[in-house]
Amino acid sequence: MPLTARFFFSGLQIGGLQKAKDSDVIQDLKLLCRDNLSRQAVAHDAFRALVNLSDSPMLVTPLSDLSFLKFVVSYIAYPQATLADLAAMLLSNLTSSSSTCSALLSMKISIILDKSLPGAFYPTQSRSGSCAAPVPYPSGEEREVDAMPLLVEAFVCGANAGLSVEREKRSQKSELHFLASVFANMTTTPSGRMFFLTPRRSDVGALSASSEFPLSKLVVFTEHKDTIRRGGVISTLKNCSFYKQGQQAMLLSESDVVSIPPSIEKAPGIDALPYILLPLAGPEEFDLEEQELLPAVLQFLPPTKKREPDPALRLMLVETLLLLCTTRWGRDHLRSNGVYEVISEHVERLVNILKRDEGPETADDGQIEELTADVEDDEDGKIEEVEMSPDYDYSALNS
């Protein structure tokens, strides 16, 4: 362990039957994160330090104590939080622990409903007592609400946060792409999958709002420009596909109303198939009969249509389709919606390359052009490197 890291880890008490205890340094960093209104630069550096340190399993437990976790979640849910992207990165690391995922699923945070505010609510635990209260302070009484629906809503709103050049004019200050990694981590557990496959009211402030599956809010981001966002959403889709009882709701359209056991509450279908196939589709043309099989959004795609450039994400999408084939209903649905037509050409290319005879002319791995001569003219078929944004310290995050 580097000397600088030892400084932060010294004093930690973890292991055995003893309750985890913070070191003084970690406790100070957690307090400095809360001081975001009066000294934002200090809070920024404290958040970044905890993001880097939370890559170690030794710090997951001390950083996941309920009080601090409620602050982090409340801060992310607050649309005006300027450092919420860093908080989301921290939460992404912390949810590598199943205990943190369980805590999030059962967590409630305090809010005050106020339609004059961005998001129409104020999470009261998003600041510490040492920070000045917002002026004017929101009117109304505090109420406790489930934390996870607020994180999903913040994630959806964050997709458009970067469209405005001036941050001061944004109603949502942070983009929150790393919440996709949080959702992916949570859906590795059965209880996490059930959250996204159980109908919830779409508006925290309206008791009469219609119900919808939380997963239906995420599927639209499988082609988002940010790799972290679309990668986390694709992982979440794949993880949810493991639950066979939920596959029919995942594939049915919004015009169909369905429930997923053990819940009996019904909600519109998620209609995930078009969003699974779109990243796999390119500009190729299909016969008219084949076009008619495809979902409407995949028919007559423009010649500029590009496939998902990351091979790992393409593989996850194909694996999702395989999981959706584990039921007879799922296989019939995929057959009748042109899945074979979209992916068969690319699968056949791979099979042809692997099954062809090897000879002296292919002994050199550098002769890749010979092996892929049949796709030389297809720019979308090439595997390209994916550049990660320099704005974040990706090396500190779990894959």
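The exercises below, each with a worked solution, concern a predicted model.

**Exercise 1. Confidence**

Find the average pLDDT of the protein chain and the stretches where pLDDT is under 50.

Solution. 
- Step 1: The protein chain averages a pLDDT of 81, and 76% of the residues score at least 70.
- Step 2: Over residues 1-5, pLDDT stays under 50, and the model gives this stretch two contacts beyond four places in sequence.
- Step 3: Residues 16-20 also have a pLDDT below 50; the model has five contacts for this stretch beyond near neighbours in sequence.
- Step 4: Where pLDDT is low, the predicted coordinates should not be read in detail.

**Exercise 2. Strand pairing around β3**

Determine how strand β3 pairs with β5 and with β4, and name a residue opposite I109 and one opposite I111.

Solution. 
- Step 1: Take β3 (residues 108-113) with β5 (residues 142-146): five bridges connect them, and the sense is antiparallel.
- Step 2: Within this pairing, the residue of β5 opposite I109 is V145.
- Step 3: Take β3 with β4 (residues 121-123): these strands also run antiparallel, joined by three bridges.
- Step 4: Here P123 of β4 stands opposite I111.

**Exercise 3. The buried side of α2**

List the buried residues of helix α2 and state how they are placed around its axis.

Solution. 
- Step 1: Helix α2 covers residues 24-34, and its buried residues are I26, L29, K30, C33 and R34.
- Step 2: Around the axis these residues cover an arc of only 150°, so they lie on the same side of α2.
- Step 3: The general rule is that an α-helix has 3.6 residues a turn, so residues three or four places apart point the same way.

**Exercise 4. Surroundings of L176**

Is L176 buried or exposed, and which residues is it in contact with beyond four places in sequence?

Solution. 
- Step 1: Locate L176 in the loop between α8 (147-158) and α9 (179-186).
- Step 2: The relative accessible area of L176 is 0%; buried means under 20%, so L176 is buried.
- Step 3: With neighbours within four places left out, the contacts of L176 are I76, A84, D85, A88, A154, F155 and R229.
- Step 4: For R229, which is 53 residues from L176 along the chain, the C-alpha separation is 8.4 Å.

**Exercise 5. Aromatic pairs**

Count the aromatic pairs, then describe the pair F68 and F71 and the pair Y122 and Y137.

Solution. 
- Step 1: There are ten aromatic pairs in the structure.
- Step 2: In the pair F68 and F71, the centres are 6.0 Å apart and the planes make an angle of 40°, which is tilted.
- Step 3: Helix α5 (residues 66-77) holds both F68 and F71, three residues apart, about one turn of the helix.
- Step 4: F68 is buried at 2% relative accessible area, and F71 is buried at 1%.
- Step 5: For Y122 and Y137, the centre-to-centre distance is 6.0 Å and the angle between the planes is 75°; over 60 degrees counts as edge-to-face, so the pair takes that label.
- Step 6: Y122 belongs to strand β4 and Y137 to the loop between β4 and β5, so the pair ties together parts 15 residues apart in sequence.
- Step 7: Y122 is buried, with 3% relative accessibility, whereas Y137 is partly exposed, with 37%.
- Step 8: Ring pairs also link F155, F183, F195, F196 and F221 into a cluster.

**Exercise 6. Q247 and the cysteines**

Solution. 
- Step 1: With 2% relative accessibility, Q247 is buried.
- Step 2: Among the cysteines, C101 is buried at 2% relative accessibility, and C157 is partly exposed at 37%.

Note on methods
Residues are numbered from 1 along each chain as its sequence is written. This is a predicted model: local features need pLDDT of at least 70, side-chain atom pairs count only at pLDDT 80 or more; totals for chains, interfaces and linings use all residues. Side-chain values use heavy atoms; hydrogens and water are left out. Two strands pair if DSSP finds at least two bridges between them. Helices (H or I, at least four residues) and strands (E, at least two) are DSSP runs, numbered from the N terminus. Buried means under 20% relative accessible area, exposed over 50%, partly exposed in between (1.4 Å probe, protein chains only). The arc is that of the directions from the helix axis to the C-beta atoms. Contact means heavy atoms within 4.5 Å. pLDDT is the predictor's confidence in each residue, from 0 to 100. Rings of Phe, Tyr and Trp (its six-membered ring) pair if their centres lie within 6.5 Å; planes under 30 degrees apart count as stacked, over 60 as edge-to-face and the rest as tilted.
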